[in-house]
Protein chains: 2
Amino acid sequence: MRTELTRALNFFATTRIRRSPFWPGVVAAGVHSCSVYNHTLLPVHFRTPEEDYRHLKSRVQLWDVSCQRQVAVRGKDATKTLALFVPRRVESMVVGRCYYIPAVDQCGKLLNDPLVLKLAEDSYWVSIADSDLSLWIKGLKAGFELDVQVWEPDVSPLAVQGPLAGKLMGRVFGEEVRKLRFFGYGRFGFKNRELVISRSGYSRQGGYEIYIDRPDLAMPLWEALMEAGRDLDVGPGSPNYTERIEAGMLSYGGDVTIENDPYECGLGKYCDLEGASDCLAREPLLRIREQGPARCVRSLAISGPPAPMCDKAWRLACGDRFAGRITAASWSWDLETNVAIGMVEAPYWDAGTELTVELPGRTETATVRGSSFT
Amino acid sequence: MRTELTRALNFFATTRIRRSPFWPGVVAAGVHSCSVYNHTLLPVHFRTPEEDYRHLKSRVQLWDVSCQRQVAVRGKDATKTLALFVPRRVESMVVGRCYYIPAVDQCGKLLNDPLVLKLAEDSYWVSIADSDLSLWIKGLKAGFELDVQVWEPDVSPLAVQGPLAGKLMGRVFGEEVRKLRFFGYGRFGFKNRELVISRSGYSRQGGYEIYIDRPDLAMPLWEALMEAGRDLDVGPGSPNYTERIEAGMLSYGGDVTIENDPYECGLGKYCDLEGASDCLAREPLLRIREQGPARCVRSLAISGPPAPMCDKAWRLACGDRFAGRITAASWSWDLETNVAIGMVEAPYWDAGTELTVELPGRTETATVRGSSFT
């Protein structure tokens, strides 16, 4: 029985999978592959994977990441609400800044790894990865009788990423936007409307995320950026599978799941348990920190020719002992090796450790690196 | 600018989108299109849409619906937990039966429309539609300090649907399985293991759902059913877009969302507010029931030649007044018209009302029907 899928799988699009307000631009730009993220269509490829990758690293791209939905948390108890599931000092967050946080349940298991924007003393946007975090927060609100509103506003982020992102953004929003520090955000005018823009994004190439809160502004913004960046060779793009593996950026649901705690995910540096006195998971996380995790996310290099798509985890072994699992892998055209992310068991996670990995149809050597290649 | 997508969109498969244990069988059976449901790949088409549809209505199909995840709720407070968000008398549910329920938040908005299996007095499986309902229940557990465990066990349903489903099931599980009443379930042996099997499924053709709780049993089960049904022309299939529209079966996230209450969704008959004294949404739902909903899901027939894919809602109008939105539509080869589901505003929802509908590139007449075509 042939059980490997060798041909392409077409996507069957119903209204259950939401379209973004940038969709006309995405189609005109020639999208040819997609995924689904937060019940929303995520455009993936426009040219070959290598062309998309090299273009991101040398020019500037527009990414339709409207699938990165916002959960709005607003009201008297907004800070108190976040403090229940964020293992750090939420009350010391400041307006105008973004925070990458592990969102955890009461056992300390990862529910999401969003970016939080503090909009006002009583108002946050939680910019979510691929899980319905709003349902968790709504459940807390009901159970703890919190004086807070929780909803998903119709906000669609457009990411502008790549080394020329600052130049392009300056042309459209004025030079002030270039003064934003990393993980800072501000409000900038476009068509008589103030848009939230943050210096952030899911790449190591530098860039911005623009939060469109009125769908009718989406295509004018897309077209204004395309027009202003013509001589910069601006083009369409997407969170880039290869580049994000090189950068050691995690994908929730793939590399890390609700089975993992923040320490296993390498997110211990985003935890501040001393400051997290109201976090439901404080006690379990203190125990985990004390004991140290039994496994941890690592970057790995895989020997041999370009690896096939890692659509199901690949087993890592040391001799015949289980050593972990590879959850993402790609040929890196810049590094001229296969780059990968995996969850590696404690005895094997030191940099330099050589493991074997079972790819479809072949066995290769996987060498543990640090937390990224870049 | 060309903004309609006329070519096929390939699906980019990473580990973030889960594969089912039936996947080798699905691939060998020739799957060529897919969707994503509950972060899991859902196979859609195997032959032409017309062939898949006619085969379902005349033979028997195996559907890999492992994407229909189970949320296990178990413990002393299990019934109390469900009673918080199920607007009916949960304590009168009986072991051995399945219940289709609206799952609502404290405002009475729809979070999911799952099937609930009562496994024991203190144990339920909530067989979910496309939203992370487990996060809501986990939030309630934390806030109300409920003595209950909430998790997604690794259970993958396989649906056996079509007029010959009973015959096929009897051959593999014995004639006893055919005595199950609609929405009843039982435990039946397969390879020295007891499997939960319910008389249920997302079609009007009759059928069963088999809940595999050990991945290594998935392919043996798939193969046993394929082998036993050879002379019945058993084949692969999927929740059928056309057949489910004819049957008026809803798709959560598409036809109805968190914006809707159960009465708007036509699910008032699954509410029993007199018996739902512990439901958080009892008061708001009593008010909504009293006032009557402002809009409601309806079946509609659309004139003209076969409609294109409805991947974005189509506006319904009466003259120039907004009358609702079509959220699913398909040519019905049996009924020889376009069948559709839409959310129709109150003044226009009576059967026989003729509205206009704006499809891509043309305007047609949409005639309101009852709650289904079948």
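1. Let's start with one contact: the side chains of A:Asp130 and B:Arg16 meet in a salt bridge, at 2.8 Å from N to O. This pair crosses between chains. A:Asp130 sits in the loop between β10 (123–127) and α4 (133–144) of chain A, while B:Arg16 sits in the loop between β1 and α1 of chain B. Bear in mind as you read on that this is a predicted model.

2. How many salt bridges are there between chain B and chain A? The count is six, and the B:Arg16 to A:Asp130 pair meets the rule at 2.8 Å.

3. Now for the extent of the interface. On chain B, 64 residues are in contact with 64 residues of chain A. Between them the two chains bury about 5,700 Å², and 61% of that is on carbon and sulfur atoms. Which residues of chain B lose the most area to chain A? They are B:Leu9, B:Phe12 and B:Arg16, together 15% of what that side buries. So B:Arg16 turns up here as well as in the salt bridge with A:Asp130, because its side chain has a nitrogen within 4 Å of a carboxyl oxygen of that Asp.

4. The rule finds 23 residue pairs in polar contact across the interface of chain B and chain A, both residues being at pLDDT 80 or more. As for where the touching residues come from, the elements of chain B that give two or more residues to the side touching chain A are β1 (10–11), α1 (23–28), β2 (33–37), β3 (40–45), α4 (133–144) and α6 (218–228). Of these, α4(B) gives the most, with ten residues. By class, that side of chain B has 33 nonpolar, 18 polar and 13 charged residues.

5. The chains also share some strand pairing. Strand β2 (residues 33–37) of chain A pairs with β1(B) in the parallel sense, over two bridges. If you want a place to look, take A:Ser33, whose bridge partner in β1(B) is B:Asn10.

6. How are the two copies related? A rotation of 180° with 0.0 Å of shift along its axis superposes chain B on chain A, with an RMSD of 0.0 Å. The two copies are thus related as by a two-fold rotation axis.

7. Next, some strands within chain A. Strand β22 (residues 362–368) pairs with strand β17 (residues 295–302) in the antiparallel sense over three bridges, and A:Ala301 has A:Thr367 of β22(A) as its bridge partner. Strand β21 (residues 354–359) of chain A pairs with β22(A) too, again in the antiparallel sense, but over six bridges. There A:Val357 stands opposite A:Glu364. The hairpin of β21(A) and β22(A) has two residues between the strands, and A:Gly361 takes a positive phi near 85° in that hairpin.

8. Last, a serine in chain B. Where is B:Ser372 found? It lies in the segment after β22 (362–368) of chain B. Leaving aside its neighbours within four places in sequence, B:Ser372 is in contact with B:Glu246, B:Ala247, B:Gly248 and B:Ser299. The side chain of B:Ser372 also reaches the backbone oxygen of B:Thr374, at 2.9 Å. For a sense of distance, the C-alpha atoms of B:Ser372 and B:Ile137 are separated by 32 Å, and these residues are 235 residues apart along the chain.

Terms used. Residues are numbered from 1 along each chain as its sequence is written. Chains are lettered from A and ligands numbered from 1 in the order in which they are written. This is a predicted model: local features need pLDDT of at least 70, side-chain atom pairs count only at pLDDT 80 or more; totals for chains, interfaces and linings use all residues. Side-chain values use heavy atoms; hydrogens and water are left out. Contact means heavy atoms within 4.5 Å. Buried area is the accessible area (1.4 Å probe) that two parts lose on being put together, summed over both. A polar contact is a pair of N or O atoms within 3.5 Å; within protein, one must be able to donate a hydrogen and the other to accept it, and residues adjacent in sequence count only if both atoms are side-chain atoms. Helices (H or I, at least four residues) and strands (E, at least two) are DSSP runs, numbered from the N terminus. Ala, Val, Leu, Ile, Met, Phe, Trp, Tyr, Cys and Pro count as nonpolar, Asp, Glu, Lys and Arg as charged, and the others, Gly among them, as polar. Two strands pair if DSSP finds at least two bridges between them. Copies are superposed by least squares on the C-alpha atoms of residues with pLDDT of at least 70 in both.
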